Amino acid sequence: MNQDSKPAAAGGSSFTGVRRQRKTKTTVKIVDALAKASITIGGIGTICAVALVCVFLVAKVIPLFTGGTAEQAAAPVAVADASPVRVVTDEYGLMTAVLSADGRIKVYSLADGTLLVDEQILPADAKPSAWSFAAGDSFSVGFEDGSVAIGNLGFSPTFLDDDTVADVLHDLALGEQRIHERGIVERTPEGQLRLQALAVTLGDPIELSAGMPIKLIDHISGERKKMVAAVFGDGSAKIYEVRERKNLMTGKIRYSTDAGELPAPESADGLPVFLGLTGLGDNVWQVWGDGTLVRYNVRRLNEIAIAETVDLTAGGSAVRVCQFLNGKATLLVGTEQGTVSAWFKRQRAIDPDAESVTVDAVELVRGHEIQTGAAAVTAIGISSRTRLIAVGHEDGDIGLFNVTTESEVARVQVDQAIDRIDIAPKDDGIIALAQGDLHSWRLDAPYHEVSPVSLILPVHYESATAPATKWQTSSGDDAFEPKYGLWPLVFGTLKATFYALMFGVPIALMAAIYTSEFLHPRAKSVVKPTVEMMASLPSVVLGFIGGIVIATWVEDRAAGVVLAIATIPISMLLCARVWQLLPRSFALRWANWRFLPMLLVAVPFGVVLARMLTPSAEYLLFAVTTLDAATGDVLSVQYDLKTWLSAHRPPADGQEYLSSSIGGWMFILWPLSATIVGLINARYLAGPVRDLLADKSELAAAIIDLVRFGLNLVAGVVLAVALSWLVSLPAILGDARSSTVIGWLLLMSVPSGGLLWLAHIKLVKPMIGDRAMPSGAMIGYALGMVVLSVGLAHAAIGVFGPLDSYVGTYIQRNALVVGFIMGFAIIPIIYTIAEDALSSVPTHLRSASLGAGATPWQTAVRIIVPTAMSGVFSAIMIGLGRAVGETMIVLMATGNTPVESMNIFDGLRTLAANIAVELPEAPKDGTHYRVLFFTALVLFAMTFVLNTVAEAVRQRFRKRAFEL
């Protein structure tokens, strides 16, 4: 019998002696089916949830871009008046008042055309000759005798008591209307009886010019200031400041005026067609029919001067209608060609060499021009609350437009030319008077303040020097122009994410590599859970620490913190070279703990070194000299980084600042200098140094390496100073623009060289193989690098500008603080995922590399990291997503200001933080509300695109890892 043979296990048992069942238990099948169903439902549910979020956001956003509608509200009403000067409707769309040039006012019911009021609002002997109306109820009327009266024309609601009204009103149902006395009574949803009736007040006449008829008039009427501008029959024009004095005994008001005369322009021919007094009372504008506008500066009535003369219609088209927008800062000019242009003032830099300079340092600019129709413009109606306008034309066409976005909202048509037009106070109706017929339309345009263009592209806002993308959704001014430009929010999101990744990713990845490849397993079991616990810290706590503690601490030590960015890495590299000087036996014994002294010694040494060097660095690089502008005498000299950062701000009167840009350029040219020194070492010194170290002892080699490090450090500093001085030289000579151009050319040479090198490796190298590059090709590469650098520099200057690019005025809560705190928040998640990916690399790859003679560091960098790159990249992208969606840290650690500034010392606002701040205050389903949902959709799209690209890159890395 063969001794190796063994009897078979009895009863079909296995070699372990335990009987195995050949049939799967029912409970196992049930659990397996339940697990499969749960996983399937969970996965499909997750996909559906994400898809539903997207669908919900799209559903909330779509109404923003659907435009508006205008439907006829009632049949046209015949109005027996051939000279209307004003058409106004009440806020509930019940009635319309038509004011004639002779002062007679008629009120009609819009439902059936019933005449409710027909009365004269002026004294019987008054002879009106000019009218003016402002947005809202205010109006002024000028008379033939040279006097003027200011009043209010509108509608006012009165709530009636059910117990005292007539019995006929008791049975009014909710929403039902009935004519009562001089108005219309309606039962409100709250059950109250609301009487809407005409309300007209007219002040006593104010004597302006005895016996001289007023032809044009305009006014501003505020609680503190009343001003009147008038053009008289003889062509003269004056402006008056009106003061009121009330007799406490009789209650009678007496008026007194201070007058100033407007000088007649030389190019004026006849009487102007429009006279306008701006809302602040600082300018008077006169417009003639040929398109000539003369703007007067009337800040001082005794020093009135012509500020500028502007041609409103360069194409030669005649002016038909002029009308101020709400706020009286923007003038709308309608022409015979059917265009409406919007003109407003903007700040103008005073240039002594300019051919013409305005006396008040501002100039008129055509901010918008809209082709409103094919026929001549005959009437313009303005909204009393938004930038909506209704434009009537000679062919009966009426178009509604938003001036800011230049977008068409709605369009209606009648058969007659439009004489007067008005927009209902709630922007929910249009009233037009056309050849004696009164037309009314119900308007539904709740989102006319935004358009796809205004959300994305620059818009020329009122008083702005140039088109820009801005975000400002609220103001205390009734004439406020909402600004819904998303780019500042997108820019702030990218800026915060960029600085957070700059701080967090290197630390997280280096920690993951060290923990995975160098740390003892026993220490790793303590360190890794500790780092992972950092992820449990609430964002609000980190934001509180960043905004209250870190921001104030950094503000007091700004220069030292900036300097520590360089001294800490330098001290760590220095500590690594000092370690090489230790005896070999000691170094080998403590090899696994060599990073501990770097952490405990190098980092504190770098901090101390930064603190020691701060006064010298500020003295040498950040000096600001304050000079007397008249004499050039030195008033003070400050050696402070924050003062230096603010040296470009406008100085006090009679002073000017003198500072050097060398320090700023050193901050950004230091990486370029280090790169140049590194390339020189690798290309020209690596071989000779290797030959020099071949026959040297370990101690001698360590000393030589330490000396080489010191020389490279000195060379890098000297090169950085030299390049910074070279870049700053044009600015020292008075040409700051050339200094900026040279600096950006140097900076863009690095990415240009990288792009050309990548193109050479990927495209040229496979074609030429190992053959040497011809000299002509090398010259072509050099020229290509120059051209590419010039192009990138031009683009960079266009985006960032010559001032306030990466540094500028210091703000306490800034991107530097956000980068530090948010980087601290993303470190745990990046570290955990990256460390797991590195630890999962098969051990045989490490063993093979170490067995081939590679050092542990070479093994980690050349074998482990490339193999685990898909997981490492996933860790970075998850950290990126965490940073993009962060809210509380950004809210508490930044100034929360939506500005487009690359300045690391400036604040920002992100998409997520903006939603958190403004959504609770946005009216439900309003424009602001839906635009915030649009920002959420933009954030969703950004993360979706980033994750899609990341997944494609990760799959590529994974494929390459499998090939290993």
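**View 1. S209 in the loop between β13 and β14.** In this predicted model, S209 is found in the loop between β13 (206–207) and β14, where strands (E, at least two residues) and helices (H or I, at least four) are DSSP runs numbered from the N terminus. At 18% relative accessibility S209 counts as buried, a term that means under 20% relative accessible area, whereas exposed means over 50% and partly exposed lies in between (1.4 Å probe, protein chains only). Leaving aside neighbours within four places in sequence, S209 is in contact (heavy atoms within 4.5 Å) with D145, G146, F232 and Y240. Residues are numbered from 1 along each chain as its sequence is written, and side-chain values use heavy atoms, with hydrogens and water left out. Because the model is predicted, local features need pLDDT of at least 70 and side-chain atom pairs count only at pLDDT 80 or more, while totals for chains, interfaces and linings use all residues.

**View 2. The largest nonpolar core and F905.** A nonpolar core is a set of buried Ala, Val, Leu, Ile, Met, Phe, Trp, Tyr and Cys residues joined through side-chain atoms within 4.5 Å. The largest has 93 residues, and L641, M822, L838 and F905 have the most contacts inside it. Helix α14 (residues 815–839) gives the largest share of this core, 14 residues. Not counting residues up to four places away in sequence, F905 touches V562, L645, V807, G808, T809, Y810, I811, N814 and L816. A second, separate core of 22 residues includes V85, L122, V141 and A149.

**View 3. Helix α19.** Helix α19 (residues 911–918) is mostly covered, with six of its eight residues buried. The buried residues are L911, A912, A913, N914, I915 and E918.

**View 4. Aromatic pairs, with F498 and Y499 as an example.** Rings of Phe, Tyr and Trp (its six-membered ring) pair if their centres lie within 6.5 Å, and planes under 30 degrees apart count as stacked, over 60 as edge-to-face and the rest as tilted. By this rule the count comes to 17 aromatic pairs. The rings of F498 and Y499 have their centres 5.2 Å apart and their planes at 65 degrees, so this pair is edge-to-face. F498, at 44% relative accessibility, counts as partly exposed, whereas Y499, at 11%, counts as buried. Elsewhere, ring pairs link F56, Y929 and F933 into a cluster.
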